[in-house]
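Welcome! Let us take a walk through this structure together, one stop at a time.

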Amino acid sequence: RAAGPQTLVAVRALHRLLQQKSLLPKRRRTSKQHLYCASMDAVTRGVLRCKFEQTDAGADEAVEMAIADFYSFILRLDASFDHELE
């Protein structure tokens, strides 16, 4: 458990790392991997399970929006990966 602001920073950091391609999804079918790869199953499961202490309604809503934005990005990332395989 963490406070809302810390959770917000962590979720946004993961989002930015993936968006900037500093952290890439681990791809099973590729022989050459980026230095920093992560299993998207583990990352998304971790974000889904995150818990934070509700302290301020506005800050809590910001955390919930950051989580929603993160999952929206993951879905687009997954769809683009599927498109690459075709």
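**A first stop at Thr 7**

Thr 7 counts as buried, at 7% relative accessibility (buried means under 20% relative accessible area, exposed over 50%, and partly exposed in between, with a 1.4 Å probe and protein chains only). This is a predicted model, where local features need pLDDT of at least 70 and side-chain atom pairs count only at pLDDT 80 or more, while totals for chains, interfaces and linings use all residues. Residues are numbered from 1 along each chain as its sequence is written, and side-chain values use heavy atoms, with hydrogens and water left out.

You will find Thr 7 in helix H1, residues 4–19; helices (H or I, at least four residues) and strands (E, at least two) are DSSP runs, numbered from the N terminus. Not counting residues up to four places away in sequence, Thr 7 touches Ala 2, Cys 50, Lys 51, Phe 52 and Val 63, where contact means heavy atoms within 4.5 Å.

Now to the largest nonpolar core, which has 16 residues. Such a core is a set of buried Ala, Val, Leu, Ile, Met, Phe, Trp, Tyr and Cys residues joined through side-chain atoms within 4.5 Å. Val 11, Leu 18, Met 40, Phe 70 and Ile 74 touch the most other members. H1, helix H2 (40–48) and helix H3 (57–85) each give two or more residues to this core, and H3 gives the most, with 7 residues. Leaving aside neighbours within four places in sequence, Leu 18 is in contact with Leu 23, Met 40, Phe 70, Phe 73 and Ile 74.

Phe 70 itself is buried, with a relative accessible area of 0%.
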